[in-house]
Amino acid sequence: MPRITLAIATVLLFMAFTPIAAQDYLKGYADYQAGDYATALQEWTLLAEAGNATAQYNLGHMYRIGNGVPQDYEEAVNWFRLAADQGDADAQLGLGIAYKYGNGVPQDYAKSVKWSRLAADQGYAYAQYNLGTMYNNGHGVPKDYAEAVKWFRLAADQGNTWAQFDLGAMYEYGQGVLQDFFKAAGWYQLAADQGDIKAQYKLGNMYKKGHGVQKDFIEAVRWYRKAAEQGDGAAQTNLGVLYEFGKGLLQDNVMAHMWFNIGAVNGFELGGTFRDELAEKMTTDDISKAQAMARECMSSKYAKCGY
């Protein structure tokens, strides 16, 4: 919900702002950006109590995350509702998320869908994505993959990374659309280019298998490494596999063991299985070296992973 960062660009669109009120709002925005949340809260509270929807949303945001005030989901919902009733899309989505997770209100998927749809119908990409997830999971609406695809596509076309990834998955598995590896790879690529870890891992898989793209182990290594260096256990384990069999890079059991070990630590069980199987083929010295490298890799937050 990015209104806090976008408000300065849209403030003059809100006719409820008088010139003086606009100055107060911008002063609150500057204070918020400077980390002076208490002063921002004071400025925006006056505007919110006067009925300004933008300020009401911002107060809800502050209470939701606990900036300048104790975190209070119920108070956040109160402010979101005031703004949402005036048609504010961010606040409508804020209410939709609150109902989705039961933050400040009893969990209610149907109400989450209602408020998310109101924001989505205004073209708000985050709300379109959220509505797609509700159809994808059958939360508050009958499960409908085709409808999920519709909303994912609307959000993905606006550059929403999560929607791009999920749309890629729908094409990969043929849910709501005909299975199409080429389109799946294309959507994964867009999300991966924005740094999405899951998309980077999936793109590595596509290049490893030759699904939707020409099989290319070097590209598989590149995308697995990007995800691995952000802590993805599956990507780390798959990178280890490519090291073990020398696909896309020089064969190296020590590097393979290192990545298997790290993948296991990050919750990918096959990493531990592959590590232990590989260890039976390695010398004690090489295992010790791999373990030391794994420790350095993790302690450096993936800055030093290897020789």
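1. Lys 301 sits in the segment after helix 17 (284-299); helices here are DSSP runs of H or I with at least four residues, strands are runs of E with at least two, and both are numbered from the N terminus. Lys 301 has a positive phi of about 55° although it is not a glycine. With a relative accessible area of 71%, Lys 301 is exposed. Here exposed means over 50% relative accessible area, buried means under 20%, and partly exposed is in between, with a 1.4 Å probe and protein chains only.

2. This is a predicted model, in which local features need pLDDT of at least 70 and side-chain atom pairs count only at pLDDT 80 or more, while totals for chains, interfaces and linings use all residues. Residues are numbered from 1 along each chain as its sequence is written, and side-chain values use heavy atoms, with hydrogens and water left out.

3. Tyr 302 also lies in the segment after helix 17. Its phi is positive too, near 75°, in a residue other than glycine. Is Tyr 302 buried or exposed? Tyr 302 is buried, because its relative accessible area is 15%.

4. Now the whole chain. The protein chain has 17 helices and zero strands. The C-alpha trace spans about 75 × 45 × 35 Å along its principal axes. Of the 307 residues in the protein chain, 50% are buried. Contact means heavy atoms within 4.5 Å. Among contacts between residues at least 6 apart in sequence, 49% join residues at least 24 apart.

5. Helix 11 covers residues 181-193, 13 residues in all. From first C-alpha to last it reaches 18 Å, close to the 18 Å expected at 1.5 Å a residue; the expected span is 1.5 Å times one less than the number of residues. Its buried residues are Ala 184, Ala 185, Trp 187, Tyr 188, Ala 191 and Ala 192. They cover an arc of only 165° around the axis, which puts them on the same side of helix 11. The arc is taken from the directions from the helix axis to the C-beta atoms. On the other side of helix 11, Phe 182 and Asp 193 are exposed. The buried residues are covered by elements including helix 9 (145-156), helix 10 (161-173), helix 12 (197-209) and helix 13 (217-228).

6. Asp 180 caps the N-terminal end, with a side-chain oxygen 3.1 Å from the backbone nitrogen of Phe 182. Such a polar contact is a pair of N or O atoms within 3.5 Å; within protein, one must be able to donate a hydrogen and the other to accept it, and residues adjacent in sequence count only if both atoms are side-chain atoms. Just after helix 11, Gly 195 has a positive phi of about 95°.

7. Helix 14 (residues 233-245) has 13 residues, which should span 18 Å at 1.5 Å a residue, and its end C-alpha atoms are 19 Å apart, which agrees. How many of its residues are buried? The number is 12 of 13, so helix 14 is mostly covered. The buried residues include Gln 236, Asn 238 and Glu 244. They pack against helix 12, helix 13, helix 15 and helix 16 (269-279). Asp 232 caps the N-terminal end of helix 14, where a side-chain oxygen lies 3.2 Å from the backbone nitrogen of Ala 234. Gly 246 follows helix 14 and has a positive phi, near 65°.

8. The largest nonpolar core has 67 residues, and Met 258 and Trp 259 have the most contacts inside it. A nonpolar core is a set of buried Ala, Val, Leu, Ile, Met, Phe, Trp, Tyr and Cys residues joined through side-chain atoms within 4.5 Å. Helix 15 (residues 253-265) gives the most to this core, with seven residues. Apart from this core lies another, of 27 residues, among them Leu 95 and Trp 115.

9. Leaving aside neighbours within four places in sequence, the contacts of Met 258 include Cys 297 and Cys 305. These two cysteines form a disulfide, with sulfur atoms 1.9 Å apart; the cut-off for a disulfide is a pair of cysteine sulfur atoms within 2.5 Å. The structure holds one disulfide. The link of Cys 297 and Cys 305 is right-handed, with 70° about the S-S bond. Cys 297 counts as buried because its relative accessibility is 0%, and Cys 305 counts as buried at 18%.
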